[in-house]
Amino acid sequence: MAILKFETRTPRSLPEMYNYLVDYNKTDRDYILGIGVNPLHAVEEMLFVQRCFYKNNLEHPYVQVIFSFAPNEQPHLYTVKKVCEEIGHVLILDERQVFGAIHFKNTSNIHCHFLINYVNVKGELYRQNLPLTFYKEKVNEVLAKNVLPQSLIYYYKKYWVNYRKEGNCYGCSEKLLL
């Protein structure tokens, strides 16, 4: 089962996170994507938008969302990129920049990190105005359209929950499952 995770912690700066995401030990140039931003210049373009609206000293300059296929799912990389591009569009409902990087090298499960600019092109700050179940339904529609298993969704909180599937620990971390 796939997982969509909203990560509220941003321990790295935008340039540091970008460098982590485009690491050639994890992905390659064909598997990075951008919505409203050139994926090769995402940091510069996102920071430019923040500077234009005098919001360049944000504590959290981006929102990170991670979409992960289950460890036993190995769809073709063409399908993975198509699904991740569609999910990227699901994540933004306004004029916002999104950068994505698909990690498929040296990992037990294929996953995509999305960085959503905290400031949209109109200068408005990010607000998650919709319930997480909305995103789950939209992501599941994308998965169903591509004949892939449905997803779980979780949002980091300050307590621990263990999710177990078929007796094996599938993902143990701070999360709220929906």
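Me: Before we begin, what pLDDT do side-chain atom pairs need to count here?
Reply: Residues are numbered from 1 along each chain as its sequence is written, and side-chain values use heavy atoms, with hydrogens and water left out. This is a predicted model, where totals for chains, interfaces and linings use all residues, local features need pLDDT of at least 70, and side-chain atom pairs need pLDDT 80 or more.

Me: In what order do the elements of the chain run from the N terminus on?
Reply: Count them to begin with: there are four helices and seven strands. Reading from the N terminus, the order is β-α-β-α-β-α-β-β-α-β-β.

Me: What percentage of the chain's residues are buried?
Reply: A residue is called buried under 20% relative accessible area, exposed over 50%, and partly exposed in between, using a 1.4 Å probe and protein chains only. Of the 178 residues in the chain, the buried share is 48%.

Me: Among contacts between residues at least 6 apart in sequence, what share join residues at least 24 apart?
Reply: Contact here means heavy atoms within 4.5 Å. Taking the contacts between residues at least 6 apart, the share that joins residues at least 24 apart in sequence is 70%.

Me: How are helices α1 and α2 oriented to each other, roughly parallel or roughly antiparallel?
Reply: Two packed helices are described by the angle between their axes and the distance between the axes. Axes are lines fitted to C-alpha atoms, for helices over the stretch in contact, and angles between N-to-C directions run from 0 to 180 degrees. Helix α1 (residues 14-21) packs on helix α2 (residues 42-52) at about 155°, with the axes 10 Å apart. Under 35 degrees counts as roughly parallel, 65 to 115 as roughly perpendicular, over 145 as roughly antiparallel and the rest as oblique, so α1 and α2 are roughly antiparallel.

Me: How many nonpolar residues does the contact of α1 with α2 have?
Reply: From α1 come L14, P15 and Y18, and from α2 come A42, V43, M46 and L47. Ala, Val, Leu, Ile, Met, Phe, Trp, Tyr, Cys and Pro count as nonpolar, Asp, Glu, Lys and Arg as charged, and the others, Gly among them, as polar. In this contact there are no polar and no charged residues, and the number of nonpolar ones is seven.

Me: Within what arc do the buried residues of α2 fall?
Reply: The buried residues of α2 are A42, V43, M46, V49 and Q50. The arc is taken over the directions from the helix axis to the C-beta atoms. Seen down the axis, these residues line one face of the helix, because they fall within an arc of 135°.

Me: How many charged residues are in the contact of α3 with α4?
Reply: Helix α3 (residues 77-91) and helix α4 (residues 132-145) pack at about 155° with axes 10 Å apart, which means they are roughly antiparallel. α3 contributes V83, E86, I87, V90 and L91, while α4 contributes Y135, K138, V139, V142, L143 and K145. Sorted by class, the contact has eight nonpolar residues, no polar ones, and a charged count of three.

Me: How far apart are the C-alpha atoms of V139 and S151?
Reply: V139 lies in α4 and is buried, with a relative accessible area of 0%. Leaving out residues up to four places away in sequence, V139 touches L4, F67, I87, V90 and S151. V139 and S151 are twelve residues apart along the chain, and their C-alpha atoms are separated by 7.3 Å.

Me: How many residues apart in sequence are L21 and H113?
Reply: L21 sits in α1 and is buried at a relative accessible area of 0%. Beyond its neighbours within four places in sequence, L21 is in contact with residues including F99, L115 and H113. L21 and H113 are 7.3 Å apart in space, C-alpha to C-alpha, although their separation in sequence is 92 residues.

Me: Is Y54 buried or exposed?
Reply: Y54 is in the loop between α2 and β3 (62-68). Its phi is near 55°, a positive value in a residue other than glycine. With a relative accessible area of 75%, Y54 is exposed.

Technical notes. Helix = DSSP H or I, 4+ residues; strand = E, 2+ residues; numbered from the N terminus.
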